[in-house]
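Subject: Handing over a structure

Hello,

Here is the structure I promised to pass on to you. Please have a look at it first, and then read on for my notes.

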Amino acid sequence: MVAPALVAIKGVGTDIAATLLTVVGDNPERLASEGAFAHLVGVAPIAASSGKITRYHLNRGGDRQGNRALYLLAVGRMGWDPATRAYVERRTAQGRTKPEIIRCLKRYIARELYPILAAITSTLLPADGQVSSSKSA
């Protein structure tokens, strides 16, 4: 198995792990920071405020499959993880909507997964960090 540390996270199955590894493997140069990974998978918050209300929405420019993987993980955790359920109840009491809560959860999950994905990517890349083409001229 390529990423046992990734699959060891509760809720991350082989399908979510494979999707995230594919997204990261296609764009290894974009993993410079946790924020860069959030932009890559489309979960970086962008201000969408008007007037007195401060709101955020997600960056729509990211990889849709990576975003879907984080969405599935967030919704799954909302169903079975006690800590996530308590978070959802607390944020609902604060007046947040379900999409806003899911946005926050996806960003949190991206923060949680980044160190693992960065470690996996650094072991798979050549020492110089450059991705080389396997085709010869």
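How many helices and strands does the secondary structure of the protein chain come to? There are 6 helices and 2 strands. Please keep in mind that this is a predicted model. Read from the N terminus, the elements follow the order α-α-α-β-β-α-α-α.

The protein chain has 137 residues, and 36% of them count as buried. Among contacts with a separation of 6 or more, 58% are between residues 24 or more positions apart.

Next, the inside of the model. In soluble globular proteins, nonpolar side chains tend to be buried together. Here the largest nonpolar core holds 33 residues, and the ones that touch the most other members are Leu 6, Val 12, Phe 37, Leu 70 and Leu 113. Two or more residues of this core come from each of helix H2 (14-26), helix H3 (34-40), helix H4 (64-80), helix H5 (82-93) and helix H6 (98-124). H6 gives the largest share, with 10 residues.

Which residues is Leu 6 in contact with, once its neighbours within four places in sequence are left aside? They are Val 12, Ala 17, Leu 21, Leu 113, Ile 116, Leu 117 and Ile 120. Two of these, Val 12 and Leu 113, were named above with Leu 6 as core residues that touch the most other members.

The rings involved belong to Phe 37 and Tyr 114; their centres are 6.3 Å apart and their planes lie at 40°, so the pair is tilted. Phe 37 sits in helix H3 and Tyr 114 in helix H6, 77 residues apart, which makes this a link between distant parts of the chain. Is Phe 37 buried or exposed? Phe 37 counts as buried, at 0% relative accessibility. Tyr 114 is buried as well, with a relative accessible area of 15%.

Finally, please turn to H4 and H5. Their axes come within 6 Å and cross at roughly 95°, and the two helices are therefore roughly perpendicular to each other. Where they meet, H4 brings Arg 77, Met 78, Gly 79 and Trp 80, while H5 brings Pro 82, Thr 84, Arg 85 and Val 88.

Key: Residues are numbered from 1 along each chain as its sequence is written. This is a predicted model: local features need pLDDT of at least 70, side-chain atom pairs count only at pLDDT 80 or more; totals for chains, interfaces and linings use all residues. Side-chain values use heavy atoms; hydrogens and water are left out. A nonpolar core is a set of buried Ala, Val, Leu, Ile, Met, Phe, Trp, Tyr and Cys residues joined through side-chain atoms within 4.5 Å. Buried means under 20% relative accessible area, exposed over 50%, partly exposed in between (1.4 Å probe, protein chains only). Helices (H or I, at least four residues) and strands (E, at least two) are DSSP runs, numbered from the N terminus. Contact means heavy atoms within 4.5 Å. Rings of Phe, Tyr and Trp (its six-membered ring) pair if their centres lie within 6.5 Å; planes under 30 degrees apart count as stacked, over 60 as edge-to-face and the rest as tilted. Axes are lines fitted to C-alpha atoms, for helices over the stretch in contact, and angles run from 0 to 180 degrees between N-to-C directions. Angles under 35 degrees count as roughly parallel, over 145 as roughly antiparallel, 65 to 115 as roughly perpendicular and the rest as oblique.
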